[in-house]
Amino acid sequence: MSVEPETSPEMSTAEVCDAGYQALAAAFPGLETSVFRGQRRVVVPAASLAEAMRQLHQAGFDLLVDVSCVDYLEYRGATSRYGLVYLLANTRTNERLTVRCFVDDPEPTVPSMVPLWPSANWLEREAWDLFGIRFTGHPDLRRLVMPEEFTAHPLRKDYPLQGRGERHNFPVISREQS
Amino acid sequence: MAITAPQPQTVFPRQTSSLDARLELPENVVVSRLDELASWCRKNSLWPMPFATACCGIELMATGAARHDLARFGAEVFRFSPRQCDLMIVAGRVVMKMLPVLQRIWLQMSEPKWCISMGACASTGGVFDTYAVVQGIDRFIPVDMYVPGCPPRPEQLIQAIIDLQDKIQREGTITGREFDTAARQLQKRALTESGNPLTLDASRNPVIQRQLAAERSAAAVR
Amino acid sequence: MSIATSEPLSQSADPATASRSEEYLWTLNFGPQHPATHTTLRLVLKLEGERVVDAMPEMGYLHSGFEKIGEHLSFNQYVTVTDRMNYISPMANNVAWHHAVEKLLGIELTPRCVYIRTIVAELARISDHLLCNGAVGLDTGAFTFFLYAFQQREMIYDIFETLCGARFTNSYTRVGGLSQDITPLVVEKIRAFLKTFPKTLADMERLLTRNRIFVDRTKGVGVLSKADATARGATGPIARASGVTRDLRKDEPYLAYNDFEFDVPCATAGDCYARYLVRMDEMRESLRILSQAVENIPAGPVDVGIDQRIARPDKKQVYSTIEGTISHFELSMSNRGFEVPCEESYAAIEAPNGELGFYLVGDGNETAYRARCRPPSVLHFALFPHLIRGHTLSDIVAVLGSLNIIAAELDR
């Protein structure tokens with residue numbers, strides 16, 4: 001993704017405090033950065049994700065707001081299949097930063113953020129459950145919302161909205177049996 | 001006690017009428033059929049088991065709370081143990097992971113028992129036509145009363161309970177003959193699957209016929 | 001198994017005794033259908049007598065694929081689904097969803113719309129806290145308190161019903177506006193509520209805040225430290241009860257919160273009692289915001305202008321002006337609609353339960369390519385084992401109640 005022209009009127013508020021981002025940019029020169037509606041996004045390659053996130057954690061991003069994933073299978077012009085999205089916030093300066101990291105099939109794998117932010121635990125389990133992203137170093141990578149015996153990853157774009165009939169696969173209890 | 005006078009029935013010998021003529025009923029004694037008496041007792045002492053999963057559960061709470069006050073209709077004793085209850089109110093969507101729990105709780109309830117499917121999600125899946133949501137609990141457990149709405153207003157739920165009370169009084173028997181039989185349930189299920197109202201007749205419904213053929217062949221093997 | 005308790009569990013200095021005490025651990029299944037879980041939470045507990053050694057929360061018993069539906073419904077349709085997300089404050093979800101959509105589309109709302117949204121969001125906050133605190137009271141044995149709280153919720157339902165026709169699942173917001181304007185009758189009802197509610201709130205406080213049983217059951221139970229609160233992602237009243245002062249209404253002012261004078265109640269104790277107090281105080285602050293907002297609703301249109309082709313024009317405009325007709329048709333046609341950038345954005349509001357945000361990916365369609373919801377409940381439920389270790393079985397309901405976990409938002 002290319003650097004966007006800075007057109008948003010809310011730019012100024014985001015520029016007030018970007019010490020955390022500057023620290024990252026200093027440590028990793030040449031990162032893809034863009035700003036949209038006053039939100040700064042950074043694309044970090046999967047290989048240096050762990051190190052970059054450690055830097056950001058030290059730079060004061062103490063709140064991991066969210067970890068999510070986007071499946072770019074049907075997205076026009078996408079080059080990688082999955083995009084991990086880490087939303088970071090600094091509770092003291094209110095700085096926000098979106099870190100994105102692209103991974104691909106067949107084994108989408110990224111390092112786990114649980115050692116840095118314990119809140120990543122369940123969010124990463126959810127990403128594993130719904131997208132099948134593997135997080136190396138995660139203490140307990142089990143399915144979070146789907147049943148254990150479920151095999152698919154339902155939020156992938158190639159999984160149909162109505163499912164593949166799993167929801168009908170139960171025994172029927174009649175009046176006489178009960 | 002608003003109980004209609006007993007109708008002569010085959011279970012009573014014909015000479016009861018002559019007995020009636022001789023017998024002077026003392027005051028405060030009412031003669032009724034045992035079925036009706038049992039139904040009357042049952043309908044006025046429903047103990048609901050709130051199987052509240054989602055939004056409808058909040059309306060269920062509102063029904064039990066001060067303004068709508070379900071206690072006026074003799075059905076306020078919410079018990080969370082299925083062993084103590086005879087009316088299951090399924091309020092909210094039931095998903096794949098929850099359905100085995102629902103079935104287990106239904107089996108744990110003692111007879112006679114009834115089930116109200118409250119809201120669009122419990123009845124049909126509602127707006128959630130997705131991979132995880134069961135499209136109507138009546139596919140998997142018997143249901144006596146459906147309440148439309150997303151979520152239904154408390155008044156609607158109260159009406160459903162009153163209707164269910166009527167139904168219990170009208171159809172209730174001690175033997176439980178009034179409940180859905182397996183064949184009727186199968187028919188209902190086949191209807192929803194084929195989606196064709198013309199196949200109401202079991203003899204022309206391919207799903208039922210297939211099921212029956214399978215049963216016949218299984219019996220023949222035995 | 002790691003045991004992190006404030007007081008030592010047993011004299012398990014040497015490993016032999018420790019392994020022996022392991023043998024006496026009970027495993028207790030709690031939920032998913034249990035009165036104190038209110039919804040569909042499940043806990044697998046390890047007990048030593050009555051003391052909880054460890055707890056393993058499990059979720060997903062209400063996972064309905066909300067985010068998958070979000071990829072199939074348009075921005076205006078999906079608001080009905082957000083109603084069913086955090087179903088004890090649906091209005092706040094509506095506001096959060098369209099806040100995120102408008103961020104993605106870059107829409108500037110009209111001042112009147114901003115004020116009305118602020119009002120309904122604050123009413124939603126009150127109704128949420130009423131139910132949450134009422135449920136804590138109910139679980140710790142104060143049924144009357146719950147009935148008081150629910151009675152007030154009915155008043156708010158009444159206001160919402162007059163406002164938009166639905167008492168509970170409102171679906172009130174639209175892209176660039178609202179489904180309908182606020183009427184004088186609603187304003188009158190809100191004024192009446194502002195008059196009567198402080199009395200009930202004072203009554204409720206008198207019932208419970210200094211009640212010996214309640215205080216004993218909640219004080220010092222489930223303590224969350226300030227560092228843990230941030231590291232584990234707690235937001236909203238739960239974080240503020242632990243001393244985190246973050247509140248998006250103050251820190252990243254959205255809607256009209258900049259115009260009002262209000263405080264952010266915080267506590268430092270971090271226990272269930274502090275969370276109860278913070279919620280009680282937040283209701284009072286919400287009343288302050290409401291009383292300022294209701295009296296100062298700006299005049300003017302509710303929806304953005306028809307030239308922007310965002311909000312559906314009203315019937316009068318459709319029938320009498322050519323712009324209205326064109327706008328109506330363009331919005332109705334499947335190949336026109338909004339102009340959605342091929343971009344991604346995140347926007348959050350301070351929902352009653354914490355930071356509720358949506359991460360939206362637009363691909364030029366009227367439908368989001370991906371609609372990720374950032375649910376506060378997931379992170380709060382993940383806190384639970386940390387809070388309950390070392391406490392007794394009866395404290396579970398107090399801790400669960402004070403975390404205010406809503407299953408539909410948890411599982412989505």
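Colleague: What share of the 178 residues in chain A is buried?

Modeller: Buried residues make up 38% of them. The model is predicted: local features need pLDDT of at least 70, side-chain atom pairs count only at pLDDT 80 or more, and totals for chains, interfaces and linings use all residues. Residues are numbered from 1 along each chain as its sequence is written, while chains are lettered from A and ligands numbered from 1 in the order in which they are written.

Colleague: What makes R37(A) a buried residue?

Modeller: Its count of neighbours. A residue is buried if 20 or more other C-beta atoms lie within 10 Å of its own, exposed if 12 or fewer, and partly exposed in between, with C-beta atoms placed from the backbone. R37(A) has 21 other C-beta atoms within 10 Å, so it is called buried.

Colleague: Why is S171(C) called buried?

Modeller: By that cut-off again. S171(C) has 23 other C-beta atoms within 10 Å, so it is buried.

Colleague: Where do R37(A) and S171(C) lie?

Modeller: Both are in loops. R37(A) sits between β1 (32-36) and β2 (39-43) of chain A. S171(C) sits between α6 (143-164) and β4 (173-174) of chain C.

Colleague: What counts as a helix or a strand, and how many does chain A have?

Modeller: Both are DSSP runs, numbered from the N terminus: helices are H or I with at least four residues, strands are E with at least two. Chain A has four helices and seven strands. Their order along the sequence is α-α-β-β-α-β-β-β-β-α-β.

Colleague: What is omega for the bond from C150(B) to P151(B)?

Modeller: Omega is near -10 degrees, and the bond is cis. P151(B) lies in the loop between β4 (145-147) and α6 (154-171) of chain B.

Colleague: How many residues of chain A are in contact with chain B?

Modeller: 14 residues of chain A are in contact with 22 residues of chain B. Contact needs C-beta atoms, placed from the backbone, within 7 Å.

Colleague: What share of contacts in chain A joins residues at least 24 apart?

Modeller: The share is 59%, among contacts between residues at least 6 apart in sequence.

Definitions and conventions. Two residues are in contact if their C-beta atoms, placed from the backbone, lie within 7 Å.
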